[in-house]
Amino acid sequence: IELPGHGKMAQDPHPVNTYTFKWMADKNGGESYQDIHQAYISLGLVYRNWGELDKALGYFIQAQEWSIEKELPADYLYNAMLNITGVYFSQSQLDLALGTVLEVAEKAQKNGHDRTLAYALKDLGIISMQLERYDESEVY
């Protein structure tokens with residue numbers, strides 16, 4: 001898909017992708033980097049709900065990379081990373097989930113993002129319990 005001012009975007013043969021990218025880009029005149037980020041997140045959520053976790057992970061990683069590349073506010077990066085954590089957890093890749101959510105928690109705490117920190121700590125507790133690290137899970 002070619003978006004005004006953004007060049008060629010990732011394309012998938014599924015029609016929902018074309019619709020979502022166009023809708024998100026047109027929502028604010030196609031000039032908002034935040035809208036493109038949200039399109040990646042939305043596609044990831046659709047694929048996660050359909051059980052296509054590898055595709056979902058790909059879109060969440062694209063959202064993460066986009067938020068870094070375009071220097072979006074930290075909330076956008078945290079959103080992508082928490083979704084990545086969720087996919088890793090669903091795939092039983094608990095070490096990857098733990099590493100990702102620890103990074104989110106550290107960044108959120110450092111930057112005073114209390115809401116994100118609360119979500120990250122909740123996820124840390126759940127992952128620690130799944131890993132049978134009960135002492136750690138009680139701290140979170």
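Hi everyone, and thanks for coming. Please keep in mind throughout that the model is predicted.

Let me begin with the overall layout. The protein has seven helices and two strands. Starting at the N terminus, the order of elements is β-β-α-α-α-α-α-α-α. There are 140 residues in the protein, and 43% of them are buried.

Now to helix 2, which covers residues 33-49. With 17 residues at 1.5 Å a residue, helix 2 should span 24 Å, and its end C-alpha atoms are 25 Å apart, so the two agree. Quite a list of its residues is buried, including Asp 35, Ile 36, His 37, Ala 39, Tyr 40 and Tyr 47. After helix 2 comes Gly 51, with a positive phi near 85°.

What does helix 2 pack against, and at what angle? Its partner here is helix 4, residues 74-90, and the angle is about 15°, with the axes 11 Å apart. An angle under 35 degrees counts as roughly parallel, so helix 2 and helix 4 are roughly parallel. Their crossing is left-handed.

The structure contains five aromatic pairs. Let me pick out Tyr 40 and Trp 66: their ring centres are 6.3 Å apart, the planes stand at 65°, and the pair is edge-to-face. Why does this pair tie together separate parts of the chain? Tyr 40 belongs to helix 2 and Trp 66 to helix 3 (residues 53-69), so the contact links parts that are 26 residues apart in sequence. Both Tyr 40 and Trp 66 are buried.

Tyr 40 and Trp 66 belong to one aromatic cluster together with Tyr 33, Tyr 47, Trp 50 and Tyr 59. Trp 66 also has a charge over its ring: the charged end of Lys 70 sits there, 5.0 Å from the ring centre.

Glu 71 is in the loop between helix 3 and helix 4. Its phi is positive, about 50°, although Glu 71 is not a glycine. Is Glu 71 buried or exposed? Its relative accessible area is 70%, so it counts as exposed, the cut-off being over 50%.

Next, helix 6, residues 114-130. Helix 6 has 17 residues and reaches 24 Å from first C-alpha to last, close to the 24 Å expected at 1.5 Å a residue. Its buried residues include Thr 116, Leu 117, Ala 120, Leu 124 and Ile 127.

I would also like to point out Asp 123, which lies in helix 6. Asp 123 is buried, with a relative accessible area of 16%. Where is Leu 102 relative to Asp 123? Leu 102 and Asp 123 are 21 residues apart in sequence, and their C-alpha atoms are 9.3 Å apart in space.

My last stop comes just after helix 6, where Glu 132 takes a positive phi of about 60°. Glu 132 is not a glycine either. Its place is the loop between helix 6 and helix 7 (134-139). At 57% relative accessibility, Glu 132 counts as exposed.

That brings me to the end, and I am happy to take questions.

Methods
Residues are numbered from 1 along each chain as its sequence is written. This is a predicted model: local features need pLDDT of at least 70, side-chain atom pairs count only at pLDDT 80 or more; totals for chains, interfaces and linings use all residues. Side-chain values use heavy atoms; hydrogens and water are left out. Helices (H or I, at least four residues) and strands (E, at least two) are DSSP runs, numbered from the N terminus. The expected span of a helix is 1.5 Å times one less than its number of residues. Buried means under 20% relative accessible area, exposed over 50%, partly exposed in between (1.4 Å probe, protein chains only). Rings of Phe, Tyr and Trp (its six-membered ring) pair if their centres lie within 6.5 Å; planes under 30 degrees apart count as stacked, over 60 as edge-to-face and the rest as tilted. A charge sits over a ring if NZ of Lys or CZ of Arg is within 6 Å of the ring centre and within 35 degrees of the ring normal. Axes are lines fitted to C-alpha atoms, for helices over the stretch in contact, and angles run from 0 to 180 degrees between N-to-C directions. Angles under 35 degrees count as roughly parallel, over 145 as roughly antiparallel, 65 to 115 as roughly perpendicular and the rest as oblique. A crossing is left-handed if the near helix is turned anticlockwise from the far one by less than a right angle, and right-handed if clockwise.
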